[in-house]
Amino acid sequence: MQQRPLVTVVGSLNTDISLLVPHLPRPGETVLSAAGADVGGGGKGANQAVAAARLGAAVWMVGCCGADEFGARLRAGLAAEGVDVSGVRAVAGVTSGLALITVDGSGENAIAVAAGANALAGDPEAAAALAAPCDMLVLSAEIPAALIAAVLDRARAAGLRCLLNLAPAPAGAAELIAVGVDWLVVNEQEAAAVLGRPVAGDPGGSGATGGPERPGDGPSAGPEGAREAASGLARLGARHAVITLGAAGAVLAHAPGAAGGETVLVPGFSVASVDSVGAGDAFVAALAVALAAGAEPADAVRAACAVGAAATTRRGAQAALPGPADVLAATGMPWPLAAP
């Protein structure tokens with residue numbers, strides 16, 4: 001896999017303000033952070049774009065930010081990573097997206113997001129999504145569902161492969177999938193939301209807290225429950241469905257008639273996790289890049305598990321997104337694509 005794959009990312013751009021706290025605050029509680037706040041680029045779309053670029057892809061970013069100082073910094077940060085930001089629209093009179101993040105000592109996190117300009121992404125972004133050639137088009141759900149549906153429709157008409165990361169799972173998620181999606185990536189929580197029922201083995205319906213976004217901790221349906229749920233997502237309309245399981249890896253299911261064979265558990269990696277913010281985005285980006293470069297489905301998911309795990313070994317969102325050397329150091333697995 002030597003040719004540099006072309007990846008288009010349609011998604012959100014946020015400024016992340018992150019605090020390390022002794023424990024996540026309960027309702028009405030004030031928790032003091034001993035360290036200063038970290039301020040940096042974030043948003044699921046922007047994180048996925050940066051992660052894909054660090055893993056060797058040529059990336060075209062499509063989305064919205066405000067015509068403000070935060071927006072200028074977001075675009076500059078992406079450009080510094082080699083991401084083409086000419087598809088990012090600056091909207092006057094509205095603030096850029098903002099995320100407030102608290103992270104405890106074990107790496108667990110709680111996040112509140114103000115969508116800002118992300119909520120205004122629409123027809124111009126649907127057109128921009130197909131304005132550059134790509135081997136894989138990636139969408140995540142911090143943008144309006146109407147835009148996701150429009151991009152999926154246009155991509156199907158153009159014969160482009162799409163990877164949809166329904167994080168967070170919006171209302172009407174099942175309808176988005178029912179019309180047909182090449183690749184769907186969710187965690188157990190999101191799978192339950194899409195299916196409209198708890199994932200088997202998770203009576204509370206909470207699932208794990210994010211696959212690689214929280215490796216190894218929290219209640220989980222486990223591989224068997226996730227297998228059944230992934231198969232259900234494939235029957236719902238996803239040609240290939242992936243449910244992330246943290247340190248246990250991920251489950252990969254295929255729609256009837258799709259290449260790939262049986263539903264399989266792809267083993268994960270045990271690492272010393274310190275911060276789960278952005279690790280799910282690293283997984284999605286890695287899967288997209290590996291598939292765009294020609295990897296077989298199970299191999300691509302395995303590589304994505306390694307990248308997601310590696311991302312949890314450092315603090316921050318975009319700051320922690322790994323390159324090939326980081327993945328090798330954290331997991332012992334070589335990234336199957338030459339770095340740019």
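Colleague: Hi! Which loop does Pro 144 lie in?

Modeller: Pro 144 is in the loop between β8 (136–140) and α4 (145–158). Helices (H or I, at least four residues) and strands (E, at least two) are DSSP runs numbered from the N terminus. Bear in mind that this is a predicted model, where local features need pLDDT of at least 70, side-chain atom pairs count only at pLDDT 80 or more, and totals for chains, interfaces and linings use all residues. Residues are numbered from 1 along each chain as its sequence is written, and side-chain values use heavy atoms, with hydrogens and water left out.

Colleague: Thanks! What is Pro 144 in contact with, leaving aside its neighbours within four places in sequence?

Modeller: Asn 118, Ala 119 and Ala 121, where contact means heavy atoms within 4.5 Å. The C-alpha atoms of Pro 144 and Ala 119 are separated by 6.0 Å, although the two are 25 residues apart along the chain. Pro 144 has a relative accessible area of 23%, so it counts as partly exposed; buried means under 20%, exposed over 50%, and partly exposed in between (1.4 Å probe, protein chains only).

Colleague: New topic: how many disulfides does a search of the whole structure find?

Modeller: The search finds 0, with a disulfide taken as a pair of cysteine sulfur atoms within 2.5 Å.

Colleague: Is Cys 64 buried or exposed?

Modeller: Cys 64 is buried, at 1% relative accessibility. Cys 134 is buried too, with a relative accessible area of 11%.

Colleague: And which residues have the most contacts inside the largest nonpolar core?

Modeller: Leu 78, Leu 163, Val 242, Phe 283, Leu 287, Val 301 and Trp 335, in a core of 58 residues. A nonpolar core is a set of buried Ala, Val, Leu, Ile, Met, Phe, Trp, Tyr and Cys residues joined through side-chain atoms within 4.5 Å. Helix α8 (residues 279–292) gives this core its largest share, 12 residues.

Colleague: Last one: at what angle do helix α9 and helix α10 pack?

Modeller: Helix α9 (residues 297–311) and helix α10 (residues 324–331) pack at about 85°, their axes 9 Å apart. Axes are lines fitted to C-alpha atoms, for helices over the stretch in contact, and angles run from 0 to 180 degrees between N-to-C directions. That makes the pair roughly perpendicular (65 to 115 degrees; under 35 is roughly parallel, over 145 roughly antiparallel, the rest oblique).
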